[in-house]
Amino acid sequence: MSSQPLVAVLDYGSGNIHSAVKALAAAGADARLTSDRDLILEADGLVVPGVGAYHAVMEALKASRGDELIGRRLAGGRPVLGICVGMQVLFEHGVERGVDTEGLGEWPGAVTELDAPVLPHMGWNTVDAGQGTRLFRGIEDERFYFVHSFGAQKWLLDVQPPFPEPTLTWCTYGRPFLAAVENGPLSATQFHPEKSGDAGIRLLANWIDGLGGATL
């Protein structure tokens, strides 16, 4: 068995995402940009990147049946990490410039325009890491790179015992929005770890370190 966990980066036509593959490799994964269904389902981890508009990302996911693959992995308790719009589409729907698009529905709620005087939110920002976080272990006070105008500004999932409460990490730009969520096998970041220097590599390494224990 390889000492490097196999991480599939979902290739569904979402812009230039080779930097994500390089960052995952630097963090210790055998990272592969792929659309191969078997590889996506069998990999230790799946990363879902997202660049551009919510509607366009959802259309591309559906066209490639990536939405089905994400759902199948999560149904089996297999780890998935969404990045940027790849986080946003995990919510029920997104509203961008008057267009209301149905998302993957893993979490309730909407992704809406940030309430801030200047958009997009672009550049480095600190986060308020959630208690018990694994993703931000050792990097709670670091800065991460954001570039977005939309985000999830409320958390509506009501988790009942025996299921553990998700770990929520917030960032403030104008008003608070979710910077990251850790919810069982499903994790996501609004910022770009692959563009966040050493802190981003460490966050990816923290996620990779948890892959073995999170799979069934």
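**View 1. Contacts of Ile208 in the predicted model.** Ile208 touches Pro5, Leu24, Ala27, Gly28 and Ala29, leaving out residues up to four places away in sequence. The model shown here and in the other views is predicted. Ile208 belongs to helix 6, which covers residues 197-209. Its relative accessibility is 4%, so Ile208 counts as buried. Val7 lies 201 residues from Ile208 along the chain, and the C-alpha atoms of the two are separated by 8.4 Å.

**View 2. Helix 6 and its buried residues.** Helix 6 has 13 residues. From first C-alpha to last it reaches 19 Å, close to the 18 Å expected at 1.5 Å a residue. Buried in helix 6 are Ala199, Gly200, Leu203, Leu204, Ala205, Asn206, Trp207 and Ile208.

**View 3. Helix 1, buried side and exposed side.** Helix 1 spans residues 18-26, and its buried residues are Ala20, Val21, Ala23 and Leu24. Seen down the axis of helix 1, these residues fall within an arc of 165°, so they line one face of the helix. The face turned away from that buried side carries the exposed residues Lys22 and Ala26. Among the elements covering the buried residues of helix 1 are strand 1 (6-10), strand 2 (30-34), strand 3 (45-48) and helix 6. Gly28 follows helix 1 and has a positive phi, near 110°.

**View 4. Leu24 and the largest nonpolar core.** The largest nonpolar core holds 64 residues. Within this core, Leu24, Phe136, Phe144 and Trp207 touch the most other members. Helix 6 gives the core its largest share, six residues. Leu24 itself is one of the buried residues of helix 1. Leaving aside neighbours within four places in sequence, Leu24 is in contact with Val7, Val9, Ala29, Ala31, Val47, Leu204, Trp207 and Ile208. In soluble globular proteins, nonpolar side chains tend to be buried together.

View 5. The structure holds nine aromatic pairs. One of them joins Phe146 and Phe191 edge-to-face, with 5.5 Å centre to centre and 70° between the planes. This pair links distant parts of the chain, its two residues being 45 residues apart. Phe146 sits in strand 9 (residues 143-148), whereas Phe191 sits in the loop between strand 13 (186-189) and helix 6. Phe146 counts as buried, at 0% relative accessibility. Phe191 is buried too, with a relative accessible area of 0%. Ring pairs link Phe136, Phe144, Phe146, Phe177 and Phe191 into a cluster.

View 6. A disulfide would need the two sulfur atoms within 2.5 Å. Seen from Cys171, the closest cysteine sulfur is that of Cys84, also at 13 Å. Cys84 is buried, with a relative accessible area of 5%. Cys171 counts as buried at 2% relative accessibility.

View 7. Most residues other than glycine have a negative phi, and most peptide bonds are trans. Cys84 is not a glycine, yet its phi is positive, at about 55°. Cys84 lies in the loop between strand 4 (80-83) and helix 5 (85-88). Arg97, again not a glycine, has a positive phi of about 50°. Arg97 lies in the loop between strand 5 (91-96) and strand 6 (99-102). Are these two residues buried or exposed? Cys84 is buried, at 5% relative accessible area, whereas Arg97 is exposed, at 69%.

View 8. The peptide bond from Leu119 to Pro120 is cis, with omega near 5°. Pro120 is found in the loop between strand 7 (107-113) and strand 8 (121-126). The bond from Pro161 to Pro162 is also cis, with omega near 10°. Pro162 has its place in the loop between strand 10 (150-152) and strand 11 (167-173).

Note on methods. Residues are numbered from 1 along each chain as its sequence is written. This is a predicted model: local features need pLDDT of at least 70, side-chain atom pairs count only at pLDDT 80 or more; totals for chains, interfaces and linings use all residues. Side-chain values use heavy atoms; hydrogens and water are left out. Buried means under 20% relative accessible area, exposed over 50%, partly exposed in between (1.4 Å probe, protein chains only). Helices (H or I, at least four residues) and strands (E, at least two) are DSSP runs, numbered from the N terminus. Contact means heavy atoms within 4.5 Å. Rings of Phe, Tyr and Trp (its six-membered ring) pair if their centres lie within 6.5 Å; planes under 30 degrees apart count as stacked, over 60 as edge-to-face and the rest as tilted. The arc is that of the directions from the helix axis to the C-beta atoms. The expected span of a helix is 1.5 Å times one less than its number of residues. A nonpolar core is a set of buried Ala, Val, Leu, Ile, Met, Phe, Trp, Tyr and Cys residues joined through side-chain atoms within 4.5 Å.
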